[in-house]
Amino acid sequence: MEPILRFEHVAKEYPNGVHALRDVSFEVKEGEFISVIGPSGSGKSTLLRAINRLIPISGGRVILDGRSVSDQKGRNLRAVRREVGMIFQNYNLVYSLSVLQNVLHGRLGYMKGLRGIFGRYSENDKKEALALLSEMGLEDFCCNRASDLSGGQKQRVGIARAIMQKPKLLLCDEPIASLDPSSSKTIMDLLWSMTKRRGIACIVNLHQLDVALKYSTRIIGLSKGEIVFDGAPERLDDTMIEEIYGTSRENLMIGGTEDDKADTVNCA
Amino acid sequence: MTKRIPLIARDLKRLYTGFLIAAVLLFIVCSVLTNFNVMTLIANGDAFWEFITEDFLPPALPKADRIPGVLSSVLVTLALAMSATTVAAVFAFFVALFGSERVSPFPRLAKLVRGFATFLRNIPALVWAFILFSSLGIGTGVGFVALFITSFAFMVRAFVETMEDVSQDCVESLQAVGASFPQRVTQAILPSCLSGFLSWFLYCVEVNIRASTIVGMVGGGGVGLTLFSYIKSFQYDIALSIILLVAVMVIVVDRVTGKLRKEILK
Ligand SMILES: Nc1ncnc2c1ncn2[C@@H]1O[C@H](COP(=O)(O)OP(=O)(O)O)[C@@H](O)[C@H]1O
Ligand SMILES: [Mg+2]
């Protein structure tokens with residue numbers, strides 16, 4: 001099966017000389033749920049943004065659905081981007097607009113001319129957005145301003161917006177880093193079920209190791225911009241973890257005892 | 001000798017002392033250069049006082065048939081400030097879109113746009129008025145253009161900063177969705193920055209009400225010109241009532257815009 005996404009020796013050097021990615025290569029197939037883990041500054045966000053060219057790369061190739069992303073410009077780049085949904089740590093909604101309007105933003109990439117500029121969405125799109133909102137348990141909030149929602153609800157709107165794009169691939173940059181444990185679980189469960197049902201491949205940046213172990217079909221470990229681990233979660237042993245984070249597993253858990261660890265897994 | 005315990009760091013103390021000495025020296029140097037003498041103020045105090053009490057006070061009304069003219073000139077000044085600011089805000093919005101590296105589709109030009117705005121802004125409206133009426137002649141047209149240029153430049157800077165503060169995140173998410181630049185403007189930047197833009201706009205109206213009076217005096221029309229004509233013909237008592245009228249106008253506008261701004265930012 002042709003992979004959805006292929007990284008070929010991708011490198012990124014920022015103008016200030018920081019090498020955020022070095023010689024990164026991997027493939028993503030349909031139905032995969034991949035967690036990218038690594039310490040802060042290891043290049044997780046850069047890797048994710050290289051996929052839809054929010055950050056231009058400085059070496060190698062990113063091939064999305066058979067097209068090289070770095071060669072695309074203007075209309076073609078928009079066509080590539082609309083097939084990749086993205087979810088952000090800070091939700092990145094337009095808070096002065098309604099929840100429904102934010103969800104419908106997912107259709108902008110498909111709209112041309114004045115209809116897109118003035119937000120004249122089709123009735124079909126609106127119906128679909130409402131159905132998605134009720135699937136997320138947000139049907140009562142569709143006309144509220146996005147700023148009125150709680151963090152977990154905002155993130156659900158973010159997911160709905162991404163799903164509206166009918167993406168082949170979903171990118172999530174620390175989707176639960178600003179949320180409390182119970183909302184985090186809701187969001188991770190939603191991501192899992194939404195992508196599974198629709199056959200969307202999903203790449204999630206996480207800094208919670210336990211969450212990554214619980215949900216992923218595959219884990220990619222980044223350290224200083226290089227892939228140091230790529231495989232099934234079961235294969236991620238303590239020595240690997242130490243190589244990725246540069247510290248032992250115990251030091252990664254707040255509290256550190258066995259009991260606490262079980263707790264964090266349960267409510268994460 | 002016992003050492004005193006210092007209350008502030010020694011170099012800070014030196015800095016303050018330095019400033020004080022520099023300020024005194026500057027005052028002396030400037031006084032000598034401009035032949036300013038505090039004593040003349042005191043010596044001429046009587047004449048000054050006489051001028052105020054004899055010529056200015058009490059305020060007098062202009063001739064009855066001139067009153068409608070004066071009032072309409074106040075309206076002209078208000079209209080001048082409002083229209084110049086409004087037109088400038090619309091232009092400033094479009095230009096500001098290209099003045100922020102993070103929003104503009106041509107980030108390399110952003111510095112140029114901001115530099116241009118800063119340059120225009122640092123020339124006061126009064127100077128623009130002088131430059132302009134040698135080419136456009138005396139009239140409200142000059143006042144309009146002079147106010148337009150300065151408030152346009154000011155609002156470009158203010159709008160760019162508002163956009164950088166507010167719409168960073170949502171612009172990124174709409175980019176990821178595949179939205180085009182005009183779509184990002186209407187769907188993300190405009191809704192999230194509108195209240196900020198309006199607040200700056202109202203502030204600019206406030207500033208321009210004052211500025212349009214002054215620009216009017218040098219030939220921009222409106223109540224400024226009326227006031228100046230009374231001063232030139234030594235009818236200071238009538239001038240005083242016009243000054244009071246202007247003050248009332250400014251205070252009323254200040255209060256109204258201040259209230260509106262508070263409402264908007266809520
Ligand atoms: N816009 C930027 N300009 C310069 N350096 C950056 C920029 N963004 C990120 N970096 C640097 O690139 C490295 C990787 O950053 P990032 O991808 O954000 O890591 P992570 O998401 O894993 O914390 C860090 O060292 C960071 O300082
Ligand atoms: Mg990051």
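**Exercise 1. Which residues of the largest nonpolar core touch the most other members?**

Before we start, two notes on the model. It is a predicted model, where local features need pLDDT of at least 70, side-chain atom pairs count only at pLDDT 80 or more, and totals for chains, interfaces and linings use all residues. Residues are numbered from 1 along each chain as its sequence is written, chains are lettered from A and ligands numbered from 1 in the order in which they are written, and side-chain values use heavy atoms, with hydrogens and water left out.

*Solution.* 
- Step 1: begin with the term. A nonpolar core is a set of buried Ala, Val, Leu, Ile, Met, Phe, Trp, Tyr and Cys residues joined through side-chain atoms within 4.5 Å. Buried means under 20% relative accessible area, exposed over 50%, and partly exposed in between (1.4 Å probe, protein chains only).
- Step 2: the largest core has 57 residues, and those touching the most other members are Ile37(A), Val103(A), Ile159(A), Leu170(A), Leu191(A) and Leu236(A).
- Step 3: helix H6 (residues 151-164) of chain A gives the most to this core, six residues. Helices (H or I, at least four residues) and strands (E, at least two) are DSSP runs, numbered from the N terminus.
- Step 4: pick out Leu191(A). Neighbours within four places in sequence aside, Leu191(A) is in contact (heavy atoms within 4.5 Å) with Phe33(A), Ile87(A), Ile159(A), Leu170(A), Cys172(A) and Pro175(A).
- Step 5: another core, of 55 residues, lies apart from this one, and its members include Phe181(B) and Val246(B).

**Exercise 2. Describe the interface of chain A and chain B.**

*Solution.* 
- Step 1: count the residues. Chain A brings 27 residues to the contact and chain B brings 18 residues.
- Step 2: look at the area. The two chains bury about 1800 Å² between them, with 56% of it on carbon and sulfur atoms. Buried area is the accessible area (1.4 Å probe) that two parts lose on being put together, summed over both.
- Step 3: look for charge pairs. The rule finds one salt bridge across the interface, a salt bridge being a side-chain nitrogen of Lys or Arg within 4 Å of a carboxyl oxygen of Asp or Glu. The side chains of Arg49(A) and Glu172(B) meet in a salt bridge at 2.6 Å, N to O.
- Step 4: Helix H2 (74-81), strand E6 (84-87) and helix H4 (113-117) of chain A each supply at least two residues of the side that touches chain B.

**Exercise 3. Is Gln187(B) buried or exposed, and which residues does Gln187(B) touch?**

*Solution.* 
- Step 1: Gln187(B) sits in helix H9 (residues 181-220) of chain B.
- Step 2: check accessibility. Gln187(B) has 7% relative accessibility, so it counts as buried.
- Step 3: list neighbours. Residues up to four places away in sequence are not counted; among those touched are Val94(A), His105(A), Ile117(A), Tyr121(A) and Leu174(B).

**Exercise 4. Where do Tyr91(A) and Phe234(B) lie?**

*Solution.* 
- Step 1: Tyr91(A) is in the loop between E6 and helix H3 (99-104) of chain A. Its phi is positive, about 65°, although Tyr91(A) is not a glycine.
- Step 2: Phe234(B) is in the loop between helix H10 (223-232) and helix H11 (236-265) of chain B. Its phi is also positive, near 60°.
- Step 3: Most residues other than glycine have a negative phi.
- Step 4: compare accessibility. Tyr91(A) is buried at 8%, whereas Phe234(B) is exposed at 62%.
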